[in-house]
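Please look over the sequence and the structure shown here before reading the report.

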Amino acid sequence: ETDIRSIVSMGDAITAMSDAFRSLSDNTAIVPSRINLPIEDQNALHLSMPAYVKGGKYIMIKLVNVHYDNPRNDLPLINGIILLMDSTNGVPLAFMDGKSITALRTGASSGLATKILSNQNSRTAVVIGTGVQALSQIEAIQCVRDLDSIKVIGRDINKVEKFCSKLDSSIQPGNKSSLKEADIICTATTSRIPLFNYGDIKKGVHINAVGAHQSNTRELDTELIQKAKVYIDHLDPSKNEAGDILIPISEGAYKWEDIQGELGLLIEGKIKGRVDDTDITLFNSIGNAVQDLAIASLVIEKKEN
């Protein structure tokens with residue numbers, strides 16, 4: 001982890017995400033559906049995620065484990081490893097820490113979405129969660145917007161205070177009322193029920209929802225999904241795993257045709273983004289292996305240089 005973060009800055013990662021999302025939307029990325037292996041007796045989930053971009057130098061597979069009880073025991077929620085291989089001859093090139101690359105690419109994706117979709121004069125943010133992903137979200141949105149304050153919300157106020165104490169003074173514990181003032185909201189939890197409702201937020205907010213990546217998990221309520229401009233990372237896997245969208249669809253309250261489209265299409269100018277300061281924009285991300293490939297490629301090339 002230390003090696004990776006010394007090599008790749010958040011700014012580098014945000015730039016890399018632009019290329020990654022373009023490759024998804026122009027179909028140069030080859031990303032099979034990830035294998036979801038439930039480990040129910042351990043309250044855990046294993047994911048196997050390969051990726052390749054046509055014409056690229058590298059093949060990648062990420063093996064990641066999500067152990068939901070770990071945070072209670074002061075252990076990382078996510079652990080894993082990435083194997084990078086030469087695409088021309090298949091030779092393995094490097095093992096890399098999967099946890100740090102996952103956090104970096106997830107934060108960078110939100111940073112990119114925030115840069116493109118949030119109001120440029122955004123000054124206040126709320127981050128829900130106190131784990132590694134929440135920290136990455138903070139770093140990313142600070143990288144693209146000049147924020148005056150960030151409020152952090154979590155289930156355990158002691159964890160929230162400990163989390164904030166390690167960061168700069170603009171980052172302080174918050175509560176539900178903080179949401180009404182937020183220009184940007186990031187959710188990075190494993191919640192199975194909405195963290196807040198449409199009525200808790202203001203017009204013009206941009207939301208990055210990155211925690212829910214299973215069909216039965218969600219961080220946002222149905223009314224919010226209905227009233228926001230929704231952008232996603234990749235359509236096909238979202239149709240199987242994006243609970244924030246799938247649950248409203250199962251209720252008969254939403255359709256896939258209602259989303260704006262993939263972030264890559266927005267980057268390419270093929271769909272519209274924010275058109276008014278009062279638009280509520282939402283980037284709903286379940287994560288994609290091509291994002292990990294983009295960061296792993298950066299790591300090995302910067303390391304070699």
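This is a predicted model: local features need pLDDT of at least 70, side-chain atom pairs count only at pLDDT 80 or more; totals for chains, interfaces and linings use all residues.

## Helix H10

At the start of H10, a side-chain oxygen of Asn288 comes to within 3.0 Å of the backbone nitrogen of Val290.

Twelve of the 16 residues of H10 are buried, so the helix is largely enclosed by the rest of the structure. The buried residues include Ala289, Val290, Gln291 and Asp292 at one end of the list, and Leu298, Val299 and Ile300 at the other.

## Gln133 in helix H4

Gln133 belongs to helix H4, which comprises residues 132–144. Its relative accessibility is 17%, and because buried means under 20%, Gln133 counts as buried. When neighbours within four places in sequence are set aside, Gln133 is in contact with Ile78, Thr102, Ala103, Thr106 and Ala188.

## Two asparagines with positive phi

Most residues other than glycine have a negative phi. Asn27, although not a glycine, has a positive phi of about 65°, and its place is in the loop between helix H2 (10–25) and strand E1 (29–30). With a relative accessible area of 55%, Asn27 is exposed.

Asn43 likewise has a positive phi, near 50°, in a residue other than glycine, and it lies in the loop that joins strand E2 (35–39) and strand E3 (44–53). The relative accessible area of Asn43 is 34%, which means that this residue is partly exposed.

Key: Residues are numbered from 1 along each chain as its sequence is written. Side-chain values use heavy atoms; hydrogens and water are left out. Helices (H or I, at least four residues) and strands (E, at least two) are DSSP runs, numbered from the N terminus. Buried means under 20% relative accessible area, exposed over 50%, partly exposed in between (1.4 Å probe, protein chains only). Contact means heavy atoms within 4.5 Å. A polar contact is a pair of N or O atoms within 3.5 Å; within protein, one must be able to donate a hydrogen and the other to accept it, and residues adjacent in sequence count only if both atoms are side-chain atoms.
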